[in-house]
Amino acid sequence: MRSRVSGTPVSLSMILHIDMDAFFASIEEAINPRFKGKPLIVGSRGNRMHTVVCAANYAAKAIGIHSGMTTKRAYSIYSKLEFVAADQAKYIWTSEQILELLKGFNLPLNYASIDEFQLDLSGCPTPNPVSLGKEIKAQIYANFNITASVGIAKNWLLAKLASKLNKPDGLTLIDDSNFEQVLRKVSLDKLCGMGGKNGQILIAKGLKTCWDLYLNLPGLLLRNPGKFDENSGKPSEKPKSVSHSYTLPIVQVNPQVIHAWIRLLSEMVSTRLRQQLLVSATVHLWLNGPEIGNLGAQKTHQAPTNDGYEVCQRAIKIMTKLCLKSPKIRAIGITCSGLSWGNYQPLLSEEVRRERLIQALDRINNRFGEGTISPAITALARPNPYDRNL
Ligand SMILES: [Mg+2]
């Protein structure tokens, strides 16, 4: 473990940023020690030659392999690469366990992404933030056998930058004593938000390092809050469940129409979840009909979701398990529970595309009214409950 500075007292505002090192690949290495030290990639899909690298361990990074690269290209660099197909549920579970561990430090905590967490040390009774950083890193390693890099600075932007500077297993403090010295050495594109067009514009203007940025646009580096916002992007209360149900105008026996209603209700529930920044692990399907009476069942999944398609798939599986052959259905209800704050970043390229599609549909439906665009199958569900403000 490397530490640049130690023994610095906490200033008025201080953020500690934790960034897991090569998170998915490290988890796979920790589970399967035979990968240790060998170049390893985690593929977006199971087909090793026809997918994209979504994580590379440090041995693979060292020979020029990185995430976003096609596996074909990665294998052309090193034909003996170890390969694992991504297991999202495993990574989310580990992330949640790390979050639980961090809650034990009793400090304001922000879940920045699946492999990044932030603690607000402002007013922290600990006299030495570096000691706290070391303790956190040690606890993560002891519990999960994977390493994290920690950055500490007066706001989240600088703390995040600091966490990148000594990877892997790094610990970096940026404070007034080394602010200029550190920023002079760091190229501008390392700073969060400067990798794309913004960075290119500034680089074209001759700004090369973060220190150049500070000299020209100091507010950009320093205006980011040192303390978390009151809400930190999270509402203070979360509901126990979100549901929608509908009584059909006639008893329905057509399985396609029943499927269409389940999809439509799933979409409506999922829209509510997304509006409240929630994801759901448990889907409950409720059915009512003249022969079956009231019938319901639920299933909890490892990977929470707020995607209407996924909720529908889960509900249809429940219906299949209930072994209903040609059921007569009069009313249907979908309830999503097991709710958590849904700020996971999509992990795989397919999910990124799906996430963007959902966001685009949400924007259109928010602007022109709910149900303006909905999946084709829901056209079979008539009358459309969107029209009745259900
Ligand atoms: Mg990371």
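How many of the six residues of β8 are buried? Six of its six residues are, so defined by 20 or more other C-beta atoms within 10 Å of a residue's own, with C-beta atoms placed from the backbone. A residue is exposed at 12 or fewer such atoms and partly exposed in between.

This is a predicted model, in which local features need pLDDT of at least 70 and side-chain atom pairs count only at pLDDT 80 or more, while totals for chains, interfaces and linings use all residues. Residues are numbered from 1 along each chain as its sequence is written.

**View 1. The whole chain.** The chain has 13 helices and 13 strands; helices (H or I, at least four residues) and strands (E, at least two) are DSSP runs, numbered from the N terminus. Of its 390 residues, 35% count as buried. Two residues are in contact if their C-beta atoms, placed from the backbone, lie within 7 Å. Of the contacts between residues at least 6 apart in sequence, 66% join residues at least 24 apart.

**View 2. Strand β8 and its neighbours.** Both faces of β8 are covered, with Ala-148, Val-150 and Ile-152 buried on one side and Ser-149, Gly-151 and Ala-153 buried on the other. Strands pair if DSSP finds at least two bridges between them. β2 and β8 run antiparallel and are joined by six bridges; Leu-16 has Ile-152 as its bridge partner in β8. β8 and β9 run parallel, with three bridges, and Gly-151 stands opposite Thr-172 in β9.

**View 3. Helix α6 between β8 and β9.** β8, α6 and β9 make a left-handed β-α-β unit. A crossover is right-handed if, with the strands pointing away from the viewer, the path from the first strand over the helix to the second runs clockwise. In α6 (residues 156-164), eight of nine residues are buried, including Trp-156, Lys-160 and Ser-163. The cover over these buried residues includes β2 (15-20), β7 (116-120), β8 (148-153), β9 (170-173) and α10 (218-222).

View 4. Helix α4 (residues 88-103) reaches 23 Å from its first C-alpha to its last, close to the expected 22 Å, which is 1.5 Å times one less than its number of residues. Its buried residues are Tyr-91, Thr-94, Ser-95, Ile-98 and Leu-102. Seen down the axis of α4, they fall within an arc of 100 degrees (taken from the directions from the axis to the C-beta atoms), so they line one face of the helix. These residues pack against α1 (23-31), β6 (109-113), β7 and α5 (129-144). Ala-89, Glu-100 and Lys-103, on the other side of α4, are exposed.
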